[in-house]
Amino acid sequence: MARTKTIVGAHVAPSKPLREAEAIGADCVQIFLSDPQGWKKPPPRKDAAELRDSSLPVYVHAPYLINVCSPRNNVRYGSRKILQQTCDAAAEVSAAAVIVHAGYAEDGVAEGVGRWPRTLEMLASSVPVLIENTAGGENAVARRFDALAQLWEAVSEAKTSVEVGFCLDTCHAHAAGEDLSDAVERVRAIVGPIDLLHANDSRDPAGTGADRHANLGKGEMGADVLRKMIRAAGPPVLVETPGGAKAMREDLEFVRAALASQA
């Protein structure tokens, strides 16, 4: 996926994303198009034309329940279906990309990895799909970077027309227990360019597998570590942090200051 221009944004409520972006000073936004904990098809949006015509990049996060790595047919087939429906809905709003969690397999990482190529071969999407590393889960196929390497080898060999990229979540890498001092560099050695950074602090200590985000510099990761990861990954950067508009603006300022310090 081609790198997007220097933009910094946030995950916002889906009802009025352009208005929220203006309120917090975001250069881009991320939204859900359907219930993140549900299997229902994304409904048509009344503001689809407005979103298509806007110059503001809109990223779409796929539902959390998607797990294309599952050995259970009903889960895997249902996941592929809602992923396709999400990509279709994302195309209707000219989304910049769809972000989906890599998933996990009860029968082992290798088995789970082997199910991703078939998923991509079945998928049709004009919108790029960014696979995201996960915080925890037994046999997660992109929690630890050694598993990510297996996944990316398989994904790279998939016979698909879909543009596939990678989204790195800082909190997830922390929760997985990875060494963050060179995490971005090690990920790049596996996947190539990082197409999107989710910049999130963590409410929990490293290695716990807990996916509980905190505002930047106010969690367990440390402000300096976050700044280094943001600088190393570069834009586009999205924050998925708690709080209202004031907290979001502060987190966006944190990211912009970190990027500016590269000069």
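Let me start with a word we'll need: two residues are in contact when they have heavy atoms within 4.5 Å of each other. Keep that in mind, and keep in mind too that this is a predicted model.

So, which contacts do we find here? Taking those between residues at least 6 apart in sequence, 76% join residues at least 24 apart.

Now the overall build. The protein has ten helices and ten strands. Its C-alpha trace spans about 45 × 45 × 30 Å along the principal axes.

The accessible surface comes to about 11100 Å², and carbon and sulfur atoms account for 50% of that. As for charges, there are 29 positive and 34 negative ones, and their mean positions lie 4 Å apart.

Let's go into the interior. In soluble globular proteins, nonpolar side chains tend to be buried together. Here, the largest nonpolar core has 75 residues, and W116, L148, L151 and V255 have the most contacts inside it. Helix α6, residues 145-156, gives this core its largest share, with seven residues. There is also a second, separate core of nine residues, including C28, Y59, L130 and L238.

One last stop, for those of you looking at the structure: which residues does V255 touch? Leaving out residues up to four places away in sequence, V255 touches V8, A199, L216, I230, V237 and V239.

Notes: Residues numbered from 1 in each chain as written. Predicted model: local features only at pLDDT ≥ 70, side-chain atom pairs only at ≥ 80, totals over all residues. Heavy atoms only, no water. Helix = DSSP H or I, 4+ residues; strand = E, 2+ residues; numbered from the N terminus. Areas by Shrake-Rupley, 256 points an atom, 1.4 Å probe, with all protein chains shown as cover. Lys, Arg positive; Asp, Glu negative; His and termini not counted. Charge placed at Lys NZ, Arg CZ, Asp CG, Glu CD. Core = buried A, V, L, I, M, F, W, Y, C linked by side-chain atoms within 4.5 Å. Buried < 20%, exposed > 50% of the residue type's maximum accessible area, 1.4 Å probe, protein only.
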